[in-house]
Amino acid sequence: MRYGFIVVLFLHSLASAQSVNYAHGNESWNADSLGNHRFIVHLGAQEYQKNKNVAQVIIPWRRRDEHPEAKKIIIVGKDAPQPVSNFKIIAASNESGNILFQPSAGPGDYYVYYMPYKNEGRSNYPKGTYLKATEPAAASWLKSTMENRSYAKANAVRYESIDAFNSFYPMEIIATRSEVEKLRQSAAKRDFLVFPEDRMHPVKMNYYLPMRWAQRGASNQFSDTTSRGENFSFQLGIYALKDLENLKLYFSDLKAKDGKRISAKSISCLNTTGIDYRGDSMTKKISVGAGFIQSLWCLVDVPKSALPGSYTGNVKIAAAGRVPQIVQLRLEITSDIAKEGGIDHPERQTRLAWLNSTLAQDNAVLAPYTPLKIENNAVSLLGRQVVVDKSGFPSQIKTYFTPEMTSIGTKENNLLTERMHFHINSSAGDKNPAWKSEGVHFLEQDAGTVKWTALNKSEGLDMYVDASLEFDGFLSYTVKLVATTDLDLDQVNFHMPVAPGFAKYFMGLGLKGGERPDSIAWNWDVAHKNQDGGWIGDVNGGFQFSLRDEKYVRPLNTNFYLQKPLLLPASWGSGGIHIFKKGSAVLIDAYSHPGQMKKGDTLFYNFNLLITPFHPINTDFQWRNRFYHRYENLDSIRSKGANVVNIHHATKINPYINYPFIKWREMKQYIDSAHNLGLKVKIYNTIRELSNKAYETFPLRSLGHEIYTPGPGGGFSWLQEHIGKDYIAAWFVPSIKDAAIVNSGMSRWHNYYVEGMNWLVKNVGIDGIYLDDVAFDRTTMKRVKRVLTANGKPGIIDLHSANQFNKSDGFNNSANLYMEHFPYINRLWFGEYFDYEQNGPDFFLTEVSGIPFGLMGEMLQDGGNAWRGMLYGMTNRLPWSDGADPRPIWRFWDEFGIEGAEMLGYWSPACPVQTDHPEVLATVYKKNGKTLVAMASWANEDINVKLLIDWTALGIDPSKATIEAKAIKDFQEAKLFDRDEAIPVKQNKGWLLIIQ
């Protein structure tokens with residue numbers, strides 16, 4: 001048997017001095033039945049002769065888990081077929097276990113497995129349950145054992161983990177109480193101890209000192225070696241002897257003997273300072289309770305210009321009201337030059353610098369969008385315009401998209417009947433006081449962003465309005481109400497009066513996408529519902545609105561919403577939203593009941609608007625790019641007609657969820673081969689959860705809840721044994737034991753994510769990403785799109801979502817939840833748990849197709865409904881859904897020549913083909929001389945329908961026209977129809993007809 005590492009240590013603090021080797025067992029036993037850890041115990045022949053019935057061993061396991069006395073042990077002789085049945089645990093603590101056992105296999109080696117578990121729950125969401133301590137020993141053996149106190153002495157000679165990744169050595173082998181006490185006594189009057197540690201040994205425990213530190217002792221010196229230009233890092237392990245508040249580090253320059261230096265400005269602490277995901281500087285307050293450990297990760301940006309040699313300096317560690325300490329630093333810089341900071345060696349923690357990246361933070365306009373233009377308080381953007389009233393709110397929102405959504409026209413579509421405005425009933429003066437506006441002032445007028453401000457005054461209140469509009473149609477408002485006297489606010493109403501023609505559809509506020517009901521009454525319930533607004537509109541004009549607290553934090557989603565829900569807005573949260581017809585408008589009335597305000601009190605009524613559509617639909621992209629959602633042989637994929645391959649996680653070249661950096665060489669080889677065959681490759685990589693295989697797991701854990709969200713812990717055994725507690729266990733892949741942890745939401749991990757994407761484009765050649773739901777905001781999505789499309793790269797972003805309209809997800813709509821990302825998405829795949837049979841065409845249009853937002857999509861659950869899908873240009877995806885193969889329809893597209901055809905959906909007044917039945921709809925794909933008609937039925941029975949054709953609009957002579965159904969496997973049989981013939985349509989099905 002080979003072992004990954006062997007270390008001999010002498011344990012003087014236990015009952016008898018023993019030498020222990022630390023190794024791993026190369027997966028030589030079944031961890032799912034015996035656990036991940038064992039000690040090899042040796043019983044010598046002479047000792048065995050002293051007592052063949054009872055042996056005693058004291059195992060210095062130095063374990064970090066809670067309640068070791070409550071966990072079962074399993075003892076197996078090296079060559080024995082069955083475990084030892086007669087044993088007794090005399091005592092068990094975190095430091096050691098005192099065990100008596102019957103050496104039934106004779107002298108030699110015995111294996112003591114001391115953390116056996118079984119996996120319960122779902123295979124992808126397991127619950128590792130540790131087996132409870134039992135004593136199966138026979139009563140007669142126990143009796144004789146306890147009467148005879150002379151036992152054969154066995155020795156614990158080696159600790160083994162199932163593999164190197166599961167090992168506790170060295171950073172999770174705990175110091176004993178006596179060792180810790182010795183350290184504390186040596187600390188004299190210090191308030192804390194410092195244990196400098198290199199980057200290859202991340203601190204993993206925050207309430208046990210490692211044996212490594214106990215033996216080495218605290219130190220005020222650290223030295224290491226690095227290359228020129230490297231992103232170097234090291235740790236300062238802080239062990240608090242007293243409570244520490246506001247922990248800070250102060251670095252000096254690192255100086256060489258010849259006067260050369262590395263500036264202190266190039267040295268930072270990841271835990272105390274950094275750059276947030278928006279690109280703003282941030283500081284973090286670090287506190288450490290007495291008896292706890294905090295790892296402080298320090299980053300050194302070593303200049304490429306640094307001359308080789310020894311550089312020395314220091315770092316002062318200070319805490320409020322405590323005596324500071326100084327650690328001397330020495331960095332030996334070699335003549336080597338690290339490539340790109342050494343990021344090709346992430347195991348050296350060189351990518352921690354990515355957490356403070358500002359890559360792609362500029363708001364440069366991305367294709368196909370156009371620069372913003374201002375004229376007379378009207379801000380124009382691609383296909384849309386916002387006219388700003390003197391109050392600062394929109395007086396009109398216009399779109400110019402054609403109803404077909406394939407182009408931008410010249411006709412104005414006015415979404416509002418009058419300006420958006422506030423009504424406030426207060427005890428100061430009039431019940432509904434008039435606002436006096438001081439006018440709007442434009443502060444920033446860049447190509448990507450326009451910002452403005454306005455001040456509105458009334459008796460007793462000042463309203464400060466700050467707004468910004470970005471090139472994609474995102475309009476953000478900060479509205480601050482400041483009381484200039486004591487008053488009661490009975491009710492605050494914000495009115496968005498929508499033109500009825502652009503209030504046809506609605507989704508959100510607990511409603512699935514479809515035709516807007518006459519009245520909607522909704523109240524806040526953030527504990528159960530991920531709802532703070534909705535989308536209202538028609539296909540070629542509308543907007544999403546969302547009401548936000550000034551301290552808004554993005555909640556968790558995809559099954560985790562209830563564990564971190566929305567923050568109830570302090571202002572809006574006392575009311576609700578009522579949508580109803582009023583006069584010539586459909587009024588969105590967002591109201592609240594704030595109550596008393598003292599002079600100087602402030603309330604925020606912040607909200608966001610997202611103006612839709614974002615751009616015309618790109619039908620040729622839909623016809624031309626055919627996705628294959630599985631890692632397979634490339635020649636086989638090409639032969640099936642697909643040309644874009646999605647590499648999911650849990651595959652050979654992308655094994656670990658949202659961490660596609662470990663098998664990157666294999667991934668690059670595959671992608672290079674794909675490119676040689678004319679195929680593109682996208683990979684699964686998103687933010688929501690992160691594999692436990694990430695090199696940075698423990699540095700990220702040192703940041704508290706910044707990267708990982710708090711939670712109940714549990715899940716797969718590795719998480720429980722090494723992460724401990726205070727996390728949420730996420731997706732698990734049994735075959736490779738990839739155990740993910742839920743991310744917190746908006747954090748510096750997004751900076752890392754953007755840098756990682758950039759690295760993958762440059763070094764691996766990915767053509768885009770497949771997003772499996774999204775847990776980041778539009779700021780990060782813009783940055784990702786920039787790095788994916790840099791230097792003319794395709795940068796295809798494909799978004800899948802499971803239906804979010806359920807209890808675990810807070811009854812949200814996937815399209816509503818992710819609409820802020822739609823400006824940068826190329827295709828939707830909505831998705832798992834979407835019902836394509838029981839929902840109507842308006843649901844397809846608004847929640848599934850993406851068309852009102854400038855997108856097109858595909859279907860997933862049970863293969864979708866092929867006939868209904870074709871109304872929106874959708875098929876399912878190869879080869880994901882059993883029994884649903886899109887290739888026959890793909891071949892039909894090619895035979896017809898659908899690329900370049902003009903799509904005229906049933907929703908367009910210009911659609912030249914309709915049916916005589918309201919529940920059978922038709923979409924036209926028009927070319928010169930021939931037309932493809934997609935028909936689909938929502939009738940509750942088989943029916944016959946006739947086509948109502950505008951022959952002039954088709955440009956076809958009806959006297960010479962033919963109507964033909966080509967044979968399409970599993971879709972339709974071949975058939976010719978006369979011009980006036982009734983066409984039989986089966987329930988839930990339809991036809992693809994060629995008129996020429």
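Visitor: What pLDDT does the protein average, and what share of the residues score at least 70?

Guide: This is a predicted model, in which local features need pLDDT of at least 70 and side-chain atom pairs count only at pLDDT 80 or more, while totals for chains, interfaces and linings use all residues. Residues are numbered from 1 along each chain as its sequence is written, and side-chain values use heavy atoms, with hydrogens and water left out. The pLDDT, which is the predictor's confidence in each residue on a scale from 0 to 100, averages 95 over the protein, and 98% of the residues score at least 70. Over residues 1-17, however, the pLDDT is below 50, although this stretch has 53 contacts in the model beyond near neighbours in sequence, a contact being heavy atoms within 4.5 Å. Where pLDDT is low, the predicted coordinates should not be read in detail.

Visitor: Is asparagine 751 buried or exposed, and which residues is asparagine 751 in contact with, leaving aside its neighbours within four places in sequence?

Guide: Buried means under 20% relative accessible area, exposed over 50%, and partly exposed in between, with a 1.4 Å probe and protein chains only. Asparagine 751, which lies in helix α11 (residues 749-763), has a relative accessible area of 0% and is therefore buried. Helices such as this are DSSP runs (H or I, at least four residues), strands likewise (E, at least two), numbered from the N terminus. Leaving aside neighbours within four places in sequence, the contacts of asparagine 751 include Ile275, Trp354, Gln361 and Arg783. A polar atom of the asparagine 751 side chain lies 3.0 Å from the backbone oxygen of isoleucine 275.

Visitor: Which residues does a cis peptide bond join at proline 170, and what is phi of aspartate 862?

Guide: Most residues other than glycine have a negative phi, and most peptide bonds are trans. Here a cis peptide bond joins tyrosine 169 and proline 170, with omega about -5°, and proline 170 lies in the loop between β12 (155-161) and α4 (177-186). Another cis peptide bond joins phenylalanine 830 and glycine 831, with omega about -25°, glycine 831 being in the loop between β54 (827-830) and α14 (841-849). As for aspartate 862, phi is near 55°, a positive value in a residue other than glycine; this aspartate is found in the loop between β55 (857-858) and α15 (866-869), and counts as exposed because its relative accessibility is 66%.

Technical notes: A polar contact is a pair of N or O atoms within 3.5 Å; within protein, one must be able to donate a hydrogen and the other to accept it, and residues adjacent in sequence count only if both atoms are side-chain atoms.
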